[in-house]
Amino acid sequence: MAADDVKLRVSGLDFYYGPKQTLFGVNLQILTNRITALIGPSGCGKSTFLRTLNRMYETVPHARAEGEVLFDNEDLLAMDPVALRRRVGMVFQRPNPFPKSIFDNIAYGLRVNGSHGGAALKEKVEKSLRRAALWDEVKDQLHKSAYALSGGQQQRLCIARALAVDPEVLLLDEPCSALDPIATAKIEELLYSLQDQCTLIIVTHNMQQAARVADFTGFFLLGKLIEYNKTEIIFKTPAKKETEDYITGRFG
Amino acid sequence: MLWRNTWRKFVNYFMFSMTGLCALVTVGVLFFILGYLVWNGGSSLSWAFLTHLPTPVGESGGGMANAIVGSGKLLLLASAFGIPIGFLGGVYLAEFGGRAFPFVVRYTADLLNGVPSIVMGIFAWTIVVLPMKHFSTFAGGLALGVMMIPIAVRSTEEALRTVPLVLREGALALGASKWKTIATVVVPAARKGIVTGIILDIARVSGETAPLLFTAFSNRFWSPGWNQPTASLPVMVYTYAISPYDDWHKQAWAAGLVLLTLVLVANVAAKLSVSGRSAH
Amino acid sequence: MAGIPVPRGRAAANRRAPAFIQGLRSGDTFAHLFTLLCAASILLVTAALVQQLYVNSTGAVHKFGFRFLTGRTWDPVSGDFGALPFVYGTLITSALALLVAVPLGVGAAIFLSELAPPRISNAMTFVIELLAAIPSVIYGLLGIFILVPFLRQYGEPFLKRTLGFLPLFRGPMYGVGMLAGGLVLAIMVVPFIISLSREVLLAVPVEQREAALGLGATKWESTWQVVVPYARIGIMASIFLALARALGETMAVTMVIGNDPRISASLFAPGYSIAAVIANEFAEATGDLYLQALIELGLVLFALTIVINGLARIAIIFTTQKGSGH
């Protein structure tokens, strides 16, 4: 797919928790194989928006999304959520490895989606760990518990786990907020390297991170997408005053 | 003023000493019970006791092998019935339910737990013994099994609730369906708590006597199959204890010791394994 | 990016239909239903229990009506069944049990929550909770061979000497009787009172204690006048639960109460409880009316414990929700 194609087209997305509306008419287009960052102050709706893209909100009662989200021209909100989540992966704010071995963590997504083990499975696990830049560190301890790893390693494990099922889109919800600067740097490097295989959308609290890593940036405020453009433009010459205020630290 | 303060200090010291005494007395009772059982039961516990059948009334000697086996069969039947239903019910309450229905189920489970076990025995009697017109192991197993369900439901639910939401989300995000998430991630993560709950459940019903008195009844011989009345450890303790024979009294102590040991070991092991569990 | 028509309403509804089919395909609908049935089994069992108790006792209920609870004679031979001796025995032994267990239990709970250092408190609570796991028949065993002889030789004569002017402590001293029954029950329900009361006391906010101490109260005054009243609903609930437990306790009571269906003012006298008479007579009861009368007793016991437990549970829900007794 050419790099300028639209992977996800969001039109007029509203989101409600019960009677309370938290997203208002969000319109944006995520381009294929690019890194898109979503920034904004706490509670602005960026995480909520991210979670509509893999319909994770469906675990919460009374949460509903309205509007249109097209995933390669398919209606994302009507698809089978299980099938959707095989194609759109997610990495969470705090590393959440399963209480299983490192190998079993990576293999989980594959097994759940029908893989039957054997040499092919081992290959895929290794490939995922290499992609996540974790292979060299854990190749001799694949059968140890995932909890034996450090926080940064656990997060890379979760990225490897998500990559194992070859998602077209990878959603990252503040993936470095629980990590120290060195671990963060490693993960940012990793994100760069994944770019040509995968469309990445990353929610971050850290504007410098967005500036370092992302091709496109969207600024959310109070449930609305205020501005969305190439990262350079957002940070150097933002069109809206609210964006400028946030970037320069005047609030939030 | 000074006198009043001295008095208040005295009251403080005195009342707290009294409460400490209350706590000590309660704790002391347990050790007293244990000690007495070991003292009296230990001397009557023998290999013959564990492997022989009871001798005819009035004759000395004999053992309670049939009661031990009978209790085993009853617990097996009760667990086969009560644990799967209780476990799956707990899964429902923790993973699927809404607000009103789970509340009603939880509340009713707690109420059912508080129903005297002898009433459960009557229930099993009306359902099994009355139509079949005779006592049976099956009836006893059913009575105990029904008692196990509410406990299993609550303990499973509580164990599953300790699994953090992010673990479930991690599995869902990889494309697992809800039941697969539950079966391959949530339940394994909670397995210690679930197993502990089951062990405590079994220990709890293993000591129940009243519901067996007119379901499984008793038997001085082996009870093959599931259709005949069977001896059981708690019922034997009762029967022998109220009898006029000294020899039977000794055997009652021995049986009591065996029963109490099993129950306490299960409880201590279960409680220690849960408290020693580290949070991830 | 703007101006694209937005599907609402119908599009949303169209999405719900495939969701159901998706659920079927992934097996989630089936899992949901199956586990729901298992959870519902609790309701089914309870309904069946009530139904069976009711259906199998109607004969006796109709024959005796309200006289069942007030009749004093229990005569299987002539078919006259009056439950008053059993109700009396049950209530007296339970009342005696609470009389002993409540001060003992609340006192211990106060010690464990306010005074004892956490490690000692946890260790002692662990042991006390083990007491709750001991089977009833074991308590009965100890009751018959230790408590009863003790009461007969020392306990009851002592009470007679000191408090014999009360009708409670008169008459022949067998050892077995209501006193023995009440005491055994007391030890059996104390762990419940301690366990639950300790929890509610620990849950009282530190600020409450600090407020009292800050005003110059002693620790005891702070505990007794502020902390305990704050937790009073939870403590009451624990007492209710203990009561329900005492009412239904069968084996230990049967073994020490003397099994004599008479109503006497003295605690030394043998008595009978509802659960005890069912335990003793059910297996050998002949004749429909006899059985129905016993089952009616079971129904009475069931109703009593359900009501008391039901109230206690509601109280507990209130305390855990609001976090206080207010």
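**Helix packing and chain contacts in a predicted model**

Author: In this predicted model, C:Thr90, C:Ser94, C:Ala97, C:Leu98, C:Ala101, C:Val102 and C:Val106 of α5(C) meet C:Ile235, C:Ile239, C:Ala242, C:Leu243, C:Ala246 and C:Leu247 of α11(C).

Reader: What classes of residue make up the contact of α5(C) with α11(C)?

Author: There are 11 nonpolar residues, two polar and no charged ones.

Reader: At what angle do α5 and α11 of chain C pack, and how far apart are their axes?

Author: Helix α5 (residues 84-115) of chain C and helix α11 (residues 232-248) of chain C pack at about 140°, with axes 9 Å apart. The crossing of α5(C) and α11(C) is right-handed.

Reader: How many helices and strands does chain C have?

Author: Chain C has 14 helices and two strands.

Reader: Why is chain C called more spread out than a compact globule?

Author: The globule rule gives 20 Å for 326 residues, and the radius of gyration of chain C is 27 Å, well over that value; therefore chain C is more spread out than a compact globule. Its C-alpha trace spans about 100 × 65 × 30 Å along the principal axes.

Reader: What share of chain C is buried?

Author: Buried residues are 49% of the 326 in chain C, where buried requires 20 or more other C-beta atoms within 10 Å.

Reader: What makes up the side of chain B that touches chain A?

Author: 15 residues of chain B are in contact with 21 residues of chain A. The largest share on the chain B side, six residues, comes from α7(B). By class, that side has eight nonpolar, five polar and two charged residues.

Methods
Residues numbered from 1 in each chain as written. Chains lettered and ligands numbered in written order. Predicted model: local features only at pLDDT ≥ 70, side-chain atom pairs only at ≥ 80, totals over all residues. Helix = DSSP H or I, 4+ residues; strand = E, 2+ residues; numbered from the N terminus. Rg over C-alpha atoms; globule rule 2.2 N^0.38 Å. Buried ≥ 20, exposed ≤ 12 C-beta atoms within 10 Å, placed from the backbone. Contact = placed C-beta atoms within 7 Å. Nonpolar A, V, L, I, M, F, W, Y, C, P; charged D, E, K, R; others polar. Axes fitted to C-alpha atoms, helices over the stretch in contact; angles between N-to-C directions. Left-handed = near helix turned anticlockwise from the far one by under 90°.
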